[in-house]
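Here is a friendly walk through the structure shown below. Keep the sequence and the 3D view open side by side as you read.

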Amino acid sequence: MASLGANTIAILIALGSFPVSLALTRFFMYWNLKHGIIGIDVHKLNRPKIPEMVGVAVPITLVLFAAIYAMVGGSSSIPLLAYCLVVGLAALVGAVDDRLKLRGIFKPLLTLLCGLPVLILGLAFPGQVYTSTLHVPLFGGYHLPVIYPLTILVAVSVTSNTVNMLDPLNGSMAGGISIVAGGLLIGSLLVGAGSTSIFLYASLMFSLLGFLYYNRFPARAFAGNVSQLSIGASVGALAILGRTEIASIVAIFPNIQNSFFFLSRIRRFTEHRELTSKPTKLLPDGRLADSEDPRAPLTLVRTLLIGRPATENEIVSTIWMLFLTSTSLAMITLLLTGVPR
Amino acid sequence: MNKRAVGYELVVFVTQWGLMLFGFGVLTKIIAPLNLVSTSMSLGLYLDAAVKGLIALVLSVTWLFIWDRQVRLYFRRRGK
């Protein structure tokens, strides 16, 4: 395993993001509740009011620790700067959406711009941020000097929006993406990837775990678009910076399926809150069931509920299990791809 | 929890994973080495990239179509 010392330092620094994210989450729970930034947990019978946008703790932690790593870790600061800008821009778009309730089409359009820092810094510092060679499992790779840079913008927009769309239940996004980050971290360690991507995956995982502590069932904190979009953008940016493009697509299979079936049914970019036909319904005993509305999208949660209602906790555990499966396939993909240098 | 639904999801994921690796193999070994548009032409490099990009797009849409059919086959049939 290449440069074990550098990787160990990277993981140790990233470990610090867990308590920081935990403390920031606790702080924003208090602050947001005090300032009336709240949402209603519609999947509970008593419909409790929960502080919203608390997940902002995650992008703050990610940017903070990327800055610390740039100063302490001694690695090139250009990829870290690109990463921070992507996460920060996506968080900004999410925060604006949380406060102003933008129309559904604006999120994918605005998040297209979030990949620009990777593209611009990549063009300004060739070879430091990304390489235009796509490494393919089993079959080698090919150079894409024109298509690859253009794909960066689409990739960040797709990952941020698809992660945004699969957070209907307590802890589903935070738990799912922490599994993805953890799996890709292990995979990157096994193939001997660079310490910067090791650090960024570890930092993403630990930050999410800190937030998950309060977001897990029954949630005491909601993520909000500010967190969902920035975490999704982080996954997209890391796929490019860490050269784990194909493995990252595999790891987020549950998100891809959910978004694809949502869009194929609704046929436009829209917000969940604007849907007139809901995919699931809350039963009097507190369990969730398929709404059986043919106009409603066949979301991932709905497929798991067809013919048999379940508790929210059971559904979230199953979603995590699906993420564990897709992430295992992603790790095999990484091993089949080999050392992405 | 509907265990059969979970099983179907796993089958869908593994199938799509296999198809994805196959598709990237086709792109790497067959499509990428082709010279579809002469690169000596003005903008030839970009036209060649655009045509290959279109082929990749068609493969991606086919991949999503197969995903769609699988999920509809497993879940719609049970839902109706």
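Pro218(A) sits in a loop of chain A, between helix H9 (195-215) and helix H10 (225-241). The peptide bond that leads from Phe217(A) to Pro218(A) is cis, and its omega is near -10 degrees. Helices here are DSSP runs of H or I with at least four residues, strands are DSSP runs of E with at least two, and both are numbered from the N terminus.

This is a predicted model, in which local features need pLDDT of at least 70 and side-chain atom pairs count only at pLDDT 80 or more, while totals for chains, interfaces and linings use all residues. Residues are numbered from 1 along each chain as its sequence is written, and chains are lettered from A and ligands numbered from 1 in the order in which they are written.

**The two chains**

Chain A has 14 helices and 6 strands, and chain B has 2 helices and 0 strands. Along the principal axes, the C-alpha atoms of chain A fill a box of roughly 55 × 45 × 35 Å. The C-alpha trace of chain B spans about 60 × 25 × 15 Å along its principal axes.

Two packed helices are described by the angle between their axes and the distance between the axes. The axes are lines fitted to C-alpha atoms, for helices over the stretch in contact, and the angles run from 0 to 180 degrees between N-to-C directions.

| Helix pair | Angle | Axis distance |
|---|---|---|
| H3(A) (57-72) and H10(A) | about 40 degrees | 8 Å |
| H4(A) (77-100) and H5(A) | roughly 160 degrees | within 9 Å |
| H5(A) (106-114) and H7(A) (147-165) | about 130 degrees | 7 Å |

Angles under 35 degrees count as roughly parallel, over 145 as roughly antiparallel, 65 to 115 as roughly perpendicular and the rest as oblique. H5(A) is therefore oblique to H7(A). H3(A) and H10(A) are therefore oblique to each other. H4(A) and H5(A) are therefore roughly antiparallel to each other.

Ala, Val, Leu, Ile, Met, Phe, Trp, Tyr, Cys and Pro count as nonpolar, Asp, Glu, Lys and Arg as charged, and the others, Gly among them, as polar.

H4(A) and H5(A) make a right-handed crossing. A crossing is left-handed if the near helix is turned anticlockwise from the far one by less than a right angle, and right-handed if clockwise. On H4(A), Val86(A), Leu89(A), Ala90(A), Val93(A) and Asp97(A) meet Lys107(A), Leu110(A), Thr111(A), Leu113(A) and Cys114(A) on H5(A). The contact of H4(A) with H5(A) has 7 nonpolar, 1 polar and 2 charged residues.

H5(A) also passes H7(A) in a right-handed crossing. From H5(A), the residues of this contact include Lys107(A), Pro108(A) and Thr111(A), and from H7(A) they include Leu153(A), Val156(A) and Ser157(A). The contact of H5(A) with H7(A) divides into 5 nonpolar, 5 polar and 1 charged.

**A hairpin and a loop residue**

Strand E3 (residues 133-136) and strand E4 (residues 140-143) of chain A run antiparallel, joined by 4 bridges; strands pair if DSSP finds at least two bridges between them. Thr133(A) has His143(A) in E4(A) as its bridge partner, and Leu134(A) stands opposite Tyr142(A). The hairpin has 3 residues between the strands, and Leu138(A) takes a positive phi near 70 degrees there.

Arg47(A) is not a glycine, yet its phi is positive, about 45 degrees. You will find Arg47(A) in the loop between strand E1 (38-40) and strand E2 (49-51) of chain A.

**Where the chains meet**

The contact takes 31 residues from chain A and 26 residues from chain B. On the chain B side, helix H1 (3-31) and helix H2 (44-79) are the elements that give two or more residues. H1(B) gives the most, with 12 residues. The side of chain B that touches chain A has 16 nonpolar, 6 polar and 4 charged residues.

Technical notes: Contact = placed C-beta atoms within 7 Å.
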